[in-house]
Amino acid sequence: EYDPADYSMFNIRAKGSVKVTDWLRVSNNAEFSNMTYHNPTNVGEGSVWYAIESEGQPVNVMFNPDNSLTQAGATILGSFYYKNNYQDTDRRNVRNTTSFVANIFRDILTLNGDATVRYTDNRQNGVQSPVPYKTAENGAVKYMGSAYDGIYTSNHTKGYIATNLYAQYAQTFGKHDVKLMVGTNYEQETYKYMFFHRNAKLFEGADDIALTTGSQNIDSDYYK
C-alpha cells in the first residue's frame, strides 16, 4: 500500500439581514473554510508526481529479487512506497462583514457603513527521510537523499481589517437631480511568517520537530 494524497475542504457561510427600525437595516455575512491536504513528496523537496511523470520509464524496475528497492525505484517511488516523505497542509479562512444602512431623512439623506475582518492561517508540517535501496540483490544498502533526514514546520498568518463609512444626499429640484456623497475608509493588513527546520530525527516515524536533535534553520517575515 502506497501513500495516497488526501484532500479535504469544508465551507460554511451564514448571511442575514434585519430591519431594526423603520429607518435602520443591519446585515451580516460570515464565512469559514478549512482545507487539509496530505501531499506525498519525493526524496528531498521534490514532487512525487513530477518524479513519476519525468522519471517513471516503463523499462525501469522497482524491486530487486530480494524485494529491496532498486536505485530507479528509490528515485521515482521510494518515498511513496515507504510513506516517509510528505507535507501536511492545514489552511483556515475566517471572514465576517457587518454593514448597516440608515435612512436619516426621507430617502434624501442616508448613512452607510460596513466593517470587514478577514483572517487566514496556513500551517504546513513536512517530513523528509532517506530511502534505502540496493544496486544489486546481495549488495550493500545505500540511501537515496541521505542529506535529508529532518522535519520542518511553517506558519503563515494574514489579518485584514477594512471599514467604510459614507453619507449620501439625493434631492430632485424640478428637472435637476443633485447627488452628493462623502465618506471615509480605513484598511489594515498584517502578515506573519515563521519557518523552522531541523535535521536528525530521533527515530523513524517521528512527525514533530520536537523529535529532532540536529542543526536547525529558522526564517521569519513580518509586515503591517
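**View 1. S129 in the loop between β4 and β5.** S129 lies in the loop that links β4 (109-128) to β5 (131-133), where helices (H or I, at least four residues) and strands (E, at least two) are DSSP runs numbered from the N terminus. This is a predicted model, in which local features need pLDDT of at least 70 and side-chain atom pairs count only at pLDDT 80 or more, while totals for chains, interfaces and linings use all residues. Residues are numbered from 1 along each chain as its sequence is written, and side-chain values use heavy atoms, with hydrogens and water left out. With a relative accessible area of 1%, S129 is buried (buried means under 20% relative accessible area, exposed over 50%, and partly exposed in between, for a 1.4 Å probe and protein chains only). The side chain of S129 reaches the backbone oxygen of N84 at 2.9 Å. When neighbours within four places in sequence are left aside, S129 is in contact with V43, N84, N85, Y148, K201 and E204, contact meaning heavy atoms within 4.5 Å.

**View 2. V43 and the largest nonpolar core.** The largest nonpolar core comprises seven residues in all, namely V43, M62, L69, A74, V131, Y133 and M144; such a core is a set of buried Ala, Val, Leu, Ile, Met, Phe, Trp, Tyr and Cys residues joined through side-chain atoms within 4.5 Å. In soluble globular proteins, nonpolar side chains tend to be buried together. Leaving aside neighbours within four places in sequence, V43 is in contact with A74, S79, N85, S129, V131, M144 and G145.

**View 3. The packing of α1 against α2.** The two helices α1 and α2 pack at an angle of about 150°, with their axes 9 Å apart; axes are lines fitted to C-alpha atoms, for helices over the stretch in contact, and angles run from 0 to 180 degrees between N-to-C directions. V48, W49, A51, I52 and E55 of α1 meet T75, I76, L77 and F80 of α2. The residues of this contact divide into seven nonpolar, one polar and one charged, where Ala, Val, Leu, Ile, Met, Phe, Trp, Tyr, Cys and Pro count as nonpolar, Asp, Glu, Lys and Arg as charged, and the others, Gly among them, as polar.

View 4. D66 is found in the loop between α1 (48-55) and α2 (71-82) and, at 30% relative accessibility, counts as partly exposed. The side chain of D66 makes a polar contact of 2.6 Å with the side chain of S68 (a polar contact is a pair of N or O atoms within 3.5 Å; within protein, one must be able to donate a hydrogen and the other to accept it, and residues adjacent in sequence count only if both atoms are side-chain atoms). Apart from neighbours within four places in sequence, D66 is in contact with K134 and E137. N67, also found in the loop between α1 and α2, has a positive phi of about 75° although it is not a glycine, and N67 is exposed, with a relative accessible area of 59%.

**View 5. R25 in strand β2.** R25 has its place in strand β2 (residues 24-40) and, at 38% relative accessibility, counts as partly exposed. The side chains of R25 and S17 are joined by a polar contact of 3.1 Å. Not counting residues up to four places away in sequence, R25 touches S17, V18, K19, S99, F100 and V101.
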